[in-house]
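Subject: Structure handover

Hello,

Here is the structure I promised to pass on. Please open it alongside this note; my findings follow below.

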Amino acid sequence: MRRAFVAAVAMAIAPSACTGGSQLDGSSDPGTTTTTAAVVTTGSTGVGSPSPGATVAVVLPEPDARIPLRVAALADRLETVWEARREAVSRWVRTGDPAAWPPPNEVELLVLYEQRIYRVLASHDRLADEVLGRLDGGLAAEARANVRAGGALYDHFSPVPTLPDFRTRAPEPADRLLGFFEEGQRRFGVAWQTLAAVMLIETRMGRIASNSSAGAQGPMQFIPSTWAAYGLGGDVRDEHDAVLGAANYLHANGAPGNDRAALFHYNPVPAYVAAVTGYANAMTRDPELFYAYYNWQVFVRTTHGDVRLTGPGL
(Lines give C-alpha, C1' and ligand atoms only; values in the text may rest on other atoms or scores of the structure.)
Protein backbone atom coordinates (compact mmCIF):
# COMPACT_ATOMS: atom_id res chain seq x y z
CA MET A 1 0.00 0.00 0.00
CA ARG A 2 2.35 2.65 1.18
CA ARG A 3 5.62 1.69 2.81
CA ALA A 4 7.55 -0.96 4.62
CA PHE A 5 6.13 -1.18 8.10
CA VAL A 6 7.74 1.67 10.00
CA ALA A 7 10.00 0.41 12.77
CA ALA A 8 8.93 3.02 15.30
CA VAL A 9 5.26 2.15 14.96
CA ALA A 10 6.11 -1.53 15.05
CA MET A 11 7.75 -0.99 18.41
CA ALA A 12 4.45 0.30 19.70
CA ILE A 13 2.79 -3.03 19.06
CA ALA A 14 5.56 -5.62 19.12
CA PRO A 15 6.08 -7.51 22.39
CA SER A 16 9.07 -7.06 24.64
CA ALA A 17 11.83 -9.59 25.21
CA CYS A 18 13.10 -7.56 28.15
CA THR A 19 11.86 -7.82 31.71
CA GLY A 20 12.32 -4.23 32.78
CA GLY A 21 8.75 -3.18 31.96
CA SER A 22 7.05 -6.47 32.65
CA GLN A 23 8.09 -7.04 36.27
CA LEU A 24 8.43 -10.77 35.83
CA ASP A 25 8.87 -12.97 38.85
CA GLY A 26 7.58 -16.16 40.36
CA SER A 27 5.15 -14.59 42.80
CA SER A 28 1.42 -15.20 42.89
CA ASP A 29 0.13 -11.78 43.96
CA PRO A 30 -1.12 -9.89 40.88
CA GLY A 31 -2.72 -6.94 42.66
CA THR A 32 -4.75 -5.73 45.58
CA THR A 33 -8.28 -4.91 44.46
CA THR A 34 -10.86 -7.68 44.78
CA THR A 35 -14.00 -8.00 42.69
CA THR A 36 -16.19 -10.91 41.56
CA ALA A 37 -16.66 -12.54 38.18
CA ALA A 38 -18.66 -15.47 36.93
CA VAL A 39 -16.92 -18.80 36.55
CA VAL A 40 -16.47 -19.57 32.86
CA THR A 41 -17.20 -22.99 31.49
CA THR A 42 -16.36 -24.32 28.05
CA GLY A 43 -19.06 -25.83 25.89
CA SER A 44 -18.95 -27.89 22.71
CA THR A 45 -17.79 -24.89 20.69
CA GLY A 46 -14.68 -24.53 22.78
CA VAL A 47 -15.56 -20.91 23.62
CA GLY A 48 -16.22 -20.22 27.27
CA SER A 49 -19.46 -18.75 28.52
CA PRO A 50 -20.29 -17.47 32.00
CA SER A 51 -22.04 -19.97 34.27
CA PRO A 52 -25.19 -18.37 35.69
CA GLY A 53 -24.92 -17.72 39.40
CA ALA A 54 -21.40 -19.06 39.77
CA THR A 55 -18.90 -16.47 41.00
CA VAL A 56 -15.31 -16.44 42.08
CA ALA A 57 -13.31 -13.73 43.81
CA VAL A 58 -10.96 -12.11 41.33
CA VAL A 59 -8.12 -9.77 42.19
CA LEU A 60 -7.96 -6.81 39.83
CA PRO A 61 -4.29 -6.42 38.93
CA GLU A 62 -2.56 -3.11 39.35
CA PRO A 63 -1.33 -1.60 36.05
CA ASP A 64 2.23 -2.88 36.61
CA ALA A 65 1.38 -6.02 38.59
CA ARG A 66 4.00 -8.74 38.50
CA ILE A 67 3.74 -11.63 36.04
CA PRO A 68 4.91 -15.06 37.20
CA LEU A 69 7.51 -16.86 35.09
CA ARG A 70 6.86 -20.37 36.35
CA VAL A 71 4.98 -22.30 33.67
CA ALA A 72 2.20 -23.67 35.86
CA ALA A 73 1.69 -20.39 37.69
CA LEU A 74 1.61 -18.38 34.47
CA ALA A 75 -0.85 -20.75 32.79
CA ASP A 76 -3.12 -20.63 35.85
CA ARG A 77 -2.85 -16.83 36.00
CA LEU A 78 -3.72 -16.47 32.33
CA GLU A 79 -6.75 -18.73 32.71
CA THR A 80 -8.00 -16.82 35.76
CA VAL A 81 -7.54 -13.42 34.14
CA TRP A 82 -9.08 -14.63 30.86
CA GLU A 83 -12.21 -15.82 32.68
CA ALA A 84 -12.51 -12.60 34.67
CA ARG A 85 -11.89 -10.46 31.59
CA ARG A 86 -14.52 -12.28 29.55
CA GLU A 87 -17.09 -11.77 32.26
CA ALA A 88 -16.13 -8.11 32.73
CA VAL A 89 -16.39 -7.47 28.98
CA SER A 90 -19.73 -9.30 28.75
CA ARG A 91 -21.06 -7.25 31.66
CA TRP A 92 -19.87 -4.05 29.96
CA VAL A 93 -21.53 -5.01 26.67
CA ARG A 94 -24.77 -6.21 28.30
CA THR A 95 -25.35 -3.61 30.99
CA GLY A 96 -22.77 -0.85 30.43
CA ASP A 97 -22.28 1.61 27.63
CA PRO A 98 -19.53 0.66 25.16
CA ALA A 99 -20.77 3.51 22.98
CA ALA A 100 -19.28 5.94 25.52
CA TRP A 101 -15.81 6.65 26.88
CA PRO A 102 -14.14 5.53 29.10
CA PRO A 103 -14.44 1.75 29.47
CA PRO A 104 -14.97 0.34 32.98
CA ASN A 105 -11.89 0.27 35.18
CA GLU A 106 -12.12 -3.49 35.67
CA VAL A 107 -12.10 -4.07 31.91
CA GLU A 108 -9.06 -1.85 31.38
CA LEU A 109 -7.08 -3.44 34.22
CA LEU A 110 -7.87 -7.05 33.32
CA VAL A 111 -7.21 -6.50 29.62
CA LEU A 112 -3.94 -4.70 30.36
CA TYR A 113 -2.67 -7.56 32.51
CA GLU A 114 -3.72 -10.09 29.87
CA GLN A 115 -2.02 -8.03 27.15
CA ARG A 116 1.18 -7.89 29.19
CA ILE A 117 1.13 -11.69 29.61
CA TYR A 118 0.87 -12.10 25.84
CA ARG A 119 3.77 -9.71 25.31
CA VAL A 120 5.88 -11.88 27.60
CA LEU A 121 4.85 -15.11 25.87
CA ALA A 122 5.37 -13.70 22.39
CA SER A 123 8.97 -12.86 23.26
CA HIS A 124 9.84 -16.10 25.12
CA ASP A 125 9.33 -19.02 22.74
CA ARG A 126 10.05 -21.87 25.14
CA LEU A 127 7.90 -20.40 27.90
CA ALA A 128 5.09 -19.80 25.39
CA ASP A 129 5.20 -23.39 24.14
CA GLU A 130 5.00 -24.79 27.65
CA VAL A 131 2.23 -22.44 28.77
CA LEU A 132 0.17 -22.99 25.61
CA GLY A 133 0.49 -26.74 26.12
CA ARG A 134 -1.36 -26.42 29.44
CA LEU A 135 -4.35 -24.55 28.00
CA ASP A 136 -7.46 -25.96 26.37
CA GLY A 137 -10.76 -24.94 24.81
CA GLY A 138 -11.44 -21.38 23.76
CA LEU A 139 -8.56 -19.98 25.78
CA ALA A 140 -6.06 -22.25 23.99
CA ALA A 141 -7.18 -21.09 20.54
CA GLU A 142 -7.23 -17.43 21.55
CA ALA A 143 -3.87 -17.61 23.28
CA ARG A 144 -2.23 -19.32 20.30
CA ALA A 145 -3.56 -16.61 17.98
CA ASN A 146 -2.28 -13.82 20.21
CA VAL A 147 1.13 -15.38 20.80
CA ARG A 148 1.68 -16.19 17.13
CA ALA A 149 0.58 -12.74 15.98
CA GLY A 150 2.72 -10.98 18.54
CA GLY A 151 5.61 -13.36 17.94
CA ALA A 152 5.55 -12.70 14.19
CA LEU A 153 5.90 -8.98 14.81
CA TYR A 154 8.52 -9.51 17.50
CA ASP A 155 10.64 -11.70 15.22
CA HIS A 156 10.54 -9.16 12.41
CA PHE A 157 11.15 -5.91 14.25
CA SER A 158 13.99 -4.90 16.55
CA PRO A 159 13.70 -2.73 19.65
CA VAL A 160 14.43 0.96 19.28
CA PRO A 161 17.28 2.60 21.23
CA THR A 162 15.31 5.73 22.11
CA LEU A 163 11.64 6.38 22.77
CA PRO A 164 9.87 7.80 19.68
CA ASP A 165 8.00 11.05 20.04
CA PHE A 166 4.53 9.55 19.77
CA ARG A 167 1.44 11.67 20.27
CA THR A 168 -1.37 9.66 21.83
CA ARG A 169 -5.02 10.28 22.51
CA ALA A 170 -8.14 8.50 23.71
CA PRO A 171 -9.78 6.40 20.98
CA GLU A 172 -13.32 6.78 19.76
CA PRO A 173 -15.76 4.71 21.86
CA ALA A 174 -15.74 0.98 21.13
CA ASP A 175 -19.22 0.66 19.65
CA ARG A 176 -18.68 3.72 17.48
CA LEU A 177 -15.58 2.12 15.96
CA LEU A 178 -17.34 -1.21 15.60
CA GLY A 179 -20.09 0.54 13.65
CA PHE A 180 -17.48 1.97 11.26
CA PHE A 181 -15.93 -1.48 10.74
CA GLU A 182 -19.35 -3.02 10.08
CA GLU A 183 -20.16 -0.25 7.59
CA GLY A 184 -16.93 -1.02 5.78
CA GLN A 185 -17.98 -4.66 5.56
CA ARG A 186 -21.42 -3.77 4.22
CA ARG A 187 -20.07 -1.42 1.57
CA PHE A 188 -16.99 -3.29 0.40
CA GLY A 189 -17.36 -6.87 1.62
CA VAL A 190 -14.18 -6.72 3.74
CA ALA A 191 -14.74 -8.49 7.07
CA TRP A 192 -15.16 -6.08 9.96
CA GLN A 193 -12.73 -8.22 11.93
CA THR A 194 -10.02 -7.59 9.34
CA LEU A 195 -10.57 -3.84 9.45
CA ALA A 196 -10.50 -3.89 13.25
CA ALA A 197 -7.27 -5.90 13.26
CA VAL A 198 -5.64 -3.42 10.88
CA MET A 199 -6.48 -0.48 13.14
CA LEU A 200 -5.40 -2.49 16.20
CA ILE A 201 -1.92 -2.98 14.77
CA GLU A 202 -1.54 0.36 13.02
CA THR A 203 -2.52 2.73 15.84
CA ARG A 204 -4.05 0.69 18.69
CA MET A 205 -7.57 1.68 17.66
CA GLY A 206 -6.55 5.29 17.06
CA ARG A 207 -4.55 5.84 20.24
CA ILE A 208 -1.44 6.76 18.24
CA ALA A 209 -2.09 10.15 16.66
CA SER A 210 1.37 10.74 15.15
CA ASN A 211 2.36 10.40 11.52
CA SER A 212 4.76 7.58 10.76
CA SER A 213 8.36 8.36 9.82
CA ALA A 214 7.36 7.59 6.22
CA GLY A 215 4.53 10.12 6.36
CA ALA A 216 1.59 7.73 6.82
CA GLN A 217 -1.32 9.47 8.48
CA GLY A 218 -4.46 8.80 10.46
CA PRO A 219 -5.83 5.84 12.40
CA MET A 220 -5.36 3.48 9.43
CA GLN A 221 -1.98 5.00 8.42
CA PHE A 222 -2.28 6.05 4.79
CA ILE A 223 0.43 7.66 2.67
CA PRO A 224 -1.14 10.84 1.17
CA SER A 225 -0.92 9.61 -2.43
CA THR A 226 -2.70 6.35 -1.58
CA TRP A 227 -5.32 8.24 0.37
CA ALA A 228 -5.93 10.52 -2.61
CA ALA A 229 -6.70 7.44 -4.73
CA TYR A 230 -8.76 5.42 -2.25
CA GLY A 231 -9.93 7.78 0.48
CA LEU A 232 -13.30 8.54 -1.13
CA GLY A 233 -12.78 12.26 -0.62
CA GLY A 234 -12.76 11.92 3.16
CA ASP A 235 -10.52 13.08 5.98
CA VAL A 236 -7.58 10.71 6.53
CA ARG A 237 -7.57 11.54 10.27
CA ASP A 238 -11.27 10.83 10.76
CA GLU A 239 -11.87 7.29 12.01
CA HIS A 240 -15.01 6.74 9.95
CA ASP A 241 -13.44 8.00 6.72
CA ALA A 242 -10.19 6.14 7.35
CA VAL A 243 -11.95 2.81 7.89
CA LEU A 244 -13.97 3.18 4.71
CA GLY A 245 -10.84 4.18 2.80
CA ALA A 246 -9.07 1.07 4.09
CA ALA A 247 -12.02 -1.14 3.17
CA ASN A 248 -12.05 0.40 -0.31
CA TYR A 249 -8.31 -0.19 -0.72
CA LEU A 250 -8.41 -3.79 0.53
CA HIS A 251 -11.39 -4.58 -1.70
CA ALA A 252 -9.58 -3.12 -4.71
CA ASN A 253 -6.62 -5.40 -3.98
CA GLY A 254 -8.44 -8.68 -3.58
CA ALA A 255 -10.45 -8.76 -0.35
CA PRO A 256 -12.56 -10.56 0.64
CA GLY A 257 -11.59 -13.25 -1.87
CA ASN A 258 -7.89 -13.07 -1.05
CA ASP A 259 -7.40 -11.22 2.22
CA ARG A 260 -3.73 -12.11 2.55
CA ALA A 261 -2.88 -10.65 -0.85
CA ALA A 262 -4.88 -7.52 -0.07
CA LEU A 263 -3.14 -7.11 3.28
CA PHE A 264 0.26 -7.56 1.65
CA HIS A 265 -0.60 -4.67 -0.66
CA TYR A 266 -1.63 -2.67 2.41
CA ASN A 267 1.67 -3.41 4.11
CA PRO A 268 4.19 -5.64 2.30
CA VAL A 269 5.57 -7.40 5.38
CA PRO A 270 4.66 -11.09 5.92
CA ALA A 271 4.71 -10.63 9.71
CA TYR A 272 2.13 -7.86 9.38
CA VAL A 273 -0.13 -10.05 7.23
CA ALA A 274 0.20 -12.92 9.70
CA ALA A 275 -0.60 -10.71 12.68
CA VAL A 276 -3.65 -9.05 11.12
CA THR A 277 -4.94 -12.45 10.01
CA GLY A 278 -4.41 -13.96 13.44
CA TYR A 279 -6.22 -11.22 15.32
CA ALA A 280 -9.04 -11.13 12.76
CA ASN A 281 -9.56 -14.89 12.98
CA ALA A 282 -9.64 -14.69 16.77
CA MET A 283 -12.43 -12.08 16.61
CA THR A 284 -14.30 -14.23 14.11
CA ARG A 285 -14.29 -17.09 16.63
CA ASP A 286 -15.33 -14.80 19.49
CA PRO A 287 -16.77 -11.43 18.39
CA GLU A 288 -16.70 -10.02 21.93
CA LEU A 289 -12.92 -10.29 21.81
CA PHE A 290 -13.10 -7.04 19.84
CA TYR A 291 -13.87 -5.26 23.12
CA ALA A 292 -10.72 -6.68 24.68
CA TYR A 293 -8.51 -5.76 21.72
CA TYR A 294 -10.10 -2.31 21.80
CA ASN A 295 -8.56 -1.87 25.25
CA TRP A 296 -5.04 -2.98 24.29
CA GLN A 297 -2.63 -0.19 25.15
CA VAL A 298 0.32 1.39 23.36
CA PHE A 299 3.68 -0.07 24.34
CA VAL A 300 7.07 0.80 22.87
CA ARG A 301 9.72 -1.91 22.90
CA THR A 302 13.09 -0.28 23.49
CA THR A 303 16.55 -1.71 24.04
CA HIS A 304 16.00 -0.89 27.73
CA GLY A 305 12.65 -2.68 28.03
CA ASP A 306 8.96 -2.02 27.53
CA VAL A 307 7.56 1.48 27.93
CA ARG A 308 3.79 1.85 28.14
CA LEU A 309 2.41 5.14 26.80
CA THR A 310 -1.34 4.78 27.41
CA GLY A 311 -3.77 3.22 29.82
CA PRO A 312 -4.48 2.97 33.54
CA GLY A 313 -2.14 4.70 35.93
CA LEU A 314 -0.63 7.10 33.36
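Start at Q221, which is found in the loop between α7 and α8. The model is a predicted one. Q221 has a positive phi of about 55°, although it is not a glycine. Its relative accessibility is 1%, under the 20% cut-off, so Q221 counts as buried.

**The rest of that loop**

M205 sits in the loop between α7 and α8 too. Phi of M205 is near 60°, again a positive value in a residue other than glycine. M205 has a relative accessible area of 0% and is therefore buried.

S210 is found in the loop between α7 and α8. With 7% relative accessibility, S210 counts as buried. The S210 side chain reaches the backbone nitrogen of R167, at 2.5 Å. Set aside the neighbours within four places in sequence, and S210 is in contact with D165, F166, R167 and Q221.

F222 is another residue in the loop between α7 and α8. The relative accessible area of F222 is 0%, so F222 is buried. F222 and G245 are 23 residues apart in sequence. Their C-alpha atoms are 9.0 Å apart in space.

**Helix packing around α7**

Helix α7 covers residues 192-203, and helix α9 covers residues 239-252. The two pack at an angle of about 115°, with axes 11 Å apart. The crossing of α7 past α9 is right-handed. On the α7 side, the contact uses T194, L195 and M199. On the α9 side, it uses E239, V243, A246, A247 and L250. By class, that contact has six nonpolar residues, one polar and one charged.

Now the other partner. Helix α6 (residues 174-188) packs with α7 at an angle of about 130°, and the axes are 8 Å apart. That angle makes α6 oblique to α7. α6 passes α7 in a right-handed crossing. From α6, the contact takes L177, L178, F181, E182, G184 and Q185. From α7, it takes W192, Q193, L195, A196 and M199. Seven of the residues in the contact of α6 with α7 are nonpolar, three are polar and one is charged.

**Cis peptide bonds**

Please check two bonds by eye. The peptide bond from W101 to P102 is cis, with omega near 5°. P102 is found in the loop between α2 (71-95) and α3 (105-122). The peptide bond from A255 to P256 is cis, also with omega near 5°. P256 is found in the loop between α9 and α10 (259-266).

D306 lies in strand β6, residues 305-308. D306 counts as buried, at 11% relative accessibility. The D306 side chain makes a polar contact with the side chain of R119, at 2.9 Å.

**The whole chain**

The protein has 314 residues, and 56% of them count as buried. Its secondary structure comes to twelve helices and six strands. Take the contacts between residues at least 6 apart in sequence: 72% of these join residues at least 24 apart.

Best wishes

Methods:
Residues numbered from 1 in each chain as written. Predicted model: local features only at pLDDT ≥ 70, side-chain atom pairs only at ≥ 80, totals over all residues. Heavy atoms only, no water. Axes fitted to C-alpha atoms, helices over the stretch in contact; angles between N-to-C directions. Helix = DSSP H or I, 4+ residues; strand = E, 2+ residues; numbered from the N terminus. Left-handed = near helix turned anticlockwise from the far one by under 90°. Contact = heavy atoms within 4.5 Å. Nonpolar A, V, L, I, M, F, W, Y, C, P; charged D, E, K, R; others polar. Parallel < 35°, antiparallel > 145°, perpendicular 65-115°, else oblique. Buried < 20%, exposed > 50% of the residue type's maximum accessible area, 1.4 Å probe, protein only. Polar contact = N/O pair within 3.5 Å; in protein donor to acceptor, adjacent residues only side chain to side chain.
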